[in-house]
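My notes are below as numbered points, so please open the model alongside them.

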Amino acid sequence: MGDRRPKNQYQQLPLAFMAESRGDPLDAAHEGTESSAAKRGPQSPAIGKSLIEEVCERENLEVAWQQVRSNQGSPGVDGRSIDETRDHLREHWPIIRERLLNGTYEPQPVRRVEIAKPDGGVRKLGIPTVLDRLIQQAILQVLQRRWDPTFSEHSYGFRPGRSAHQAVAQAQRYVAEGCEWVVDIDLEKFFDRVNHDILMDRVAKRISDKRLLRLIRAYLNAGVMADGLVSPTDEGVPQGGPLSPLLSNLVLDEFDRELTHRGLRFCRYADDCNIYVRSRRAGERVMTSACRFLTTRLQLKVNESKSAVARSGERKFLGFTISNEAEPTRQIAAKALQKFKARIRELTRRTLGVSLPQLIASLARYLIGWRGYFGFCQTPQVLQGLDSWIRRRLRMYIWRQWKNGRTRYAQLRRLGVSHFHAAVAAGSESGYWRMARHVTVQQALSNAYFDSLGLPRLAAPPTV
């Protein structure tokens, strides 16, 4: 008889292609654990003569596979999806594992994908094959638990138990302590400009397994495929692979140590770094010395046009600004609000031509995600204003859908509006946007009406 197990249950079972893995699992004392507090320890010496065996252990690979599967993602240059890669590995995994263990595995080039930035330009991503994402994730799991506890407590990006919200809250504390001037350093195309020799020198100081060092170098030099042509990569850490954030943090850890050595207050999230000082003059001195360190020691390029010394309320950090008040507050940055409104306009444009439930469903997904991040602000009146603006956009959309006076009158009556007021509103020649604010339309399409349709609120609803 055929296997009648549900597909999702099957995907949770131990992966057949890993059955050949013979590495013994580490005991708890040897394996170590990730520190959610990420307390800073001494820089790790070169460790692990057999790290590649640990990477290839079945338990480690199973965790890595589940992470790759949950992340989804598109195929790489080989065109194989996640399920197709699973089938491929069932047959070829023993050979791939042998090549990993003897140091002869060659990664495939990454697939170039360009994403437009809100402020112009493009962000270049490099999408590895699913197989290479699996291997990189397995390497990440082995290295991260060793390296992460040694990173700076002021580094918040792409680390277990750390978040952008924590970085913004720490920045707020610095401003509250009187350090209201911020040295905002913008690294130009950081992920594209990381020097491979500098990076591999830092990696070699922490691990001594030559096969793993060779494999990491191979990933850096794997090349990029764009328009069917493969170009070599002699610098940069392509965004899109699981290993890239860890390697980037390793490069900038030296900068963190330098700032700590100088006794400076700072927050860094990936390549976004703000330093907080008490005066403009101090900020200008710090800007000069910090840029010199980045350009000479790490061979990175600072974008001078986007970097500045200013009061915290004049700069954005991870989508927020910190006000320069006696009690500083977290506010949503103006550019983040502009981007939000542009997206809402796109989702609620009058010519969209979908039903109201469909519109609310797509809108709800975006609002819930946005609220999960920007709900961290301390300006509820801004969120309330956005809620009102969104509902007005929806009223405008509905008013247009009703098309003519007869339909509008009938719909208003159905929603409980009196004959007189429904007739007046239905006969109005005002435009869609103005009618969306008409008292009769607001009465019919009330806040409670949108609540009943499942429209999330950005601000907490008033308590009775």
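1. A word on terms before the first residue: helices (H or I, at least four residues) and strands (E, at least two) are DSSP runs, numbered from the N terminus. This is a predicted model, in which local features need pLDDT of at least 70, side-chain atom pairs count only at pLDDT 80 or more, and totals for chains, interfaces and linings use all residues. Residues are numbered from 1 along each chain as its sequence is written, and side-chain values use heavy atoms, with hydrogens and water left out.

2. Let's start with Thr 348, which sits in the loop between α13 (334-347) and α14 (356-374). Its relative accessibility is 0%, so Thr 348 counts as buried (buried means under 20% relative accessible area, exposed over 50%, partly exposed in between; 1.4 Å probe, protein chains only). The Thr 348 side chain reaches the backbone oxygen of Ile 344 at 2.7 Å. Beyond its neighbours within four places in sequence, Thr 348 is in contact (heavy atoms within 4.5 Å) with Leu 359, Leu 363, Arg 393, Leu 394 and Tyr 397.

3. Now the overall picture. The protein has 20 helices and 10 strands, and buried residues make up 46% of its 464 residues. Of the contacts between residues at least 6 apart in sequence, 75% join residues at least 24 apart.

4. Next, the interior. A nonpolar core here is a set of buried Ala, Val, Leu, Ile, Met, Phe, Trp, Tyr and Cys residues joined through side-chain atoms within 4.5 Å. The largest such core has 68 residues, and Ile 185, Val 203 and Ile 275 have the most contacts inside it. Helix α6 contributes the largest share of this core, 10 residues. A second, separate core of 50 residues includes Tyr 156, Ala 336, Phe 340 and Ala 422.

5. Helix α6 (residues 130-147) also holds Arg 146, which is buried at a relative accessible area of 16%. What does the Arg 146 side chain meet in a polar contact? That partner is the side chain of Glu 54, at 3.0 Å; a polar contact is a pair of N or O atoms within 3.5 Å, where, within protein, one must be able to donate a hydrogen and the other to accept it, and residues adjacent in sequence count only if both atoms are side-chain atoms. The Arg 146 side chain also reaches the backbone oxygen of Val 142 at 3.1 Å.

6. Helix α17 (residues 419-426) deserves a look down its axis. Ala 422, Ala 425 and Ala 426 are buried there. The buried residues of α17 fall within an arc of 95°, so they line one face of the helix; the arc is that of the directions from the helix axis to the C-beta atoms. Their cover includes α15 (380-402), α16 (405-414), α18 (432-435) and α19 (439-444).

7. Last, strand β10 (residues 330-332) contains Ile 332, buried at 8% relative accessibility. Its C-alpha atom is separated by 8.0 Å from that of Thr 379, 47 residues apart along the chain. Not counting residues up to four places away in sequence, Ile 332 touches several residues, including Trp 370, Phe 374 and Leu 383.
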